[in-house]
Amino acid sequence: MVGALALYLLGALFGRDRVIAAAARLPLVKVADVERTEAWFLRHGTKAVFFGRFVPIFRSLISIPAGVERMRLPAFLALTAAGSLIWNTAFIAGGYALGARWHEVTDVVGLYSKVILAVVAAAGLAFVAVRLLRAGRGERRRPAGSGSGRRP
């Protein structure tokens, strides 16, 4: 909970404007990508925070957009606690059921984590490949703030 809260506060401190500014400077990243992600989080943020506790990598990182979007802190803490309670209870119950063979739980979870990491790596490589292909075809990146569909 302490780590999740720290990352939430980091996201809140960093804020939307800095995220947009950083995205505008990153190669292969478009401001529109950040805006779509923001819209997705606004629609699905509570589910993402809760179910994200079951997914390696995402488990920690989901706290940052929750902070950037200023999800209500009591809701964030309740969803984090509930998701973490279920995840940790599954570990404890698995270890208890296996008795002296409790270490087998780590083998299963290790495999699960490696599969998730492979999927994330493949998605990242696909993202970079698509962006490089589009850049090679001459598609230009829109300047920051243009074409976002938002009015000041």
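Hi everyone, let's start with Arg 70, which is exposed, with a relative accessible area of 53%. Before I go on, please keep in mind that this is a predicted model. Arg 70 sits in the loop between α4 and α5. Its backbone is worth a look on your screens: Arg 70 has a positive phi of about 55 degrees, although it is not a glycine.

Let's walk from that loop into the helices on either side. On one side is helix α4, residues 63-68, and Ser 63 belongs to it. Is Ser 63 buried or exposed? Ser 63 has a relative accessible area of 0%, so it counts as buried. Setting aside neighbours within four places in sequence, the residues in contact with Ser 63 are Ala 4, Leu 7, Tyr 8, Arg 53 and Phe 76.

Pro 74 is exposed, at 59% relative accessible area.

Now for the way the helices pack. Helix α1 covers residues 2-25, and its axis comes within 8 Å of the axis of α2, with a crossing angle of roughly 145 degrees. From α1, the residues making this contact are Arg 16, Val 19, Ile 20, Ala 23 and Ala 24. From α2, they are Val 31, Val 34, Glu 35 and Glu 38. Sorted by type, that contact has six nonpolar residues, no polar ones and three charged ones.

Which side chains meet in a salt bridge? They are Arg 16 and Glu 38, with 2.7 Å from N to O. This pair links distant parts of the chain, as Arg 16 lies in helix α1 and Glu 38 in helix α2, 22 residues apart. The structure holds one salt bridge, so please do zoom in on that pair. How accessible are the two partners? Arg 16 is partly exposed, with a relative accessible area of 26%. Glu 38, by contrast, is buried, at 9%.

From Arg 36 to Arg 72 is 21 Å in space, C-alpha to C-alpha, and 36 residues in sequence.

Further along the helix, which spans residues 31-52, we reach Ala 48. Ala 48 is buried, with a relative accessible area of 6%. Beyond its neighbours within four places in sequence, Ala 48 is in contact with Trp 40, Phe 58 and Ile 62. Leu 10 is 38 residues from Ala 48 in sequence, and their C-alpha atoms are 18 Å apart.

In soluble globular proteins, nonpolar side chains tend to be buried together. Here, the largest nonpolar core has 13 residues, and those with the most contacts inside it are Phe 41, Val 49, Ala 66, Met 71 and Phe 76. Which elements give two or more residues to this core? They are α1, α2 and α5. The most comes from α2, which gives four residues.

Leaving out residues up to four places away in sequence, Val 49 touches Phe 41, Ile 62, Ala 66, Met 71, Phe 76, Leu 79 and Thr 80. There is also a second, separate core of five residues, and among them are Ile 20, Ala 23, Val 29 and Val 34.

Last stop, helix α6, residues 104-136. How does its span agree with its residue count? At 1.5 Å a residue, its 33 residues should span 48 Å, and the end C-alpha atoms are 48 Å apart, which agrees. Within α6, the buried residues are Val 105, Val 109, Ile 116 and Arg 131. The cover over those buried residues includes α2 and α5, the latter being residues 73-98.

Notes. Residues are numbered from 1 along each chain as its sequence is written. This is a predicted model: local features need pLDDT of at least 70, side-chain atom pairs count only at pLDDT 80 or more; totals for chains, interfaces and linings use all residues. Side-chain values use heavy atoms; hydrogens and water are left out. Buried means under 20% relative accessible area, exposed over 50%, partly exposed in between (1.4 Å probe, protein chains only). Contact means heavy atoms within 4.5 Å. Axes are lines fitted to C-alpha atoms, for helices over the stretch in contact, and angles run from 0 to 180 degrees between N-to-C directions. Ala, Val, Leu, Ile, Met, Phe, Trp, Tyr, Cys and Pro count as nonpolar, Asp, Glu, Lys and Arg as charged, and the others, Gly among them, as polar. The expected span of a helix is 1.5 Å times one less than its number of residues. A nonpolar core is a set of buried Ala, Val, Leu, Ile, Met, Phe, Trp, Tyr and Cys residues joined through side-chain atoms within 4.5 Å. A salt bridge is a side-chain nitrogen of Lys or Arg within 4 Å of a carboxyl oxygen of Asp or Glu.
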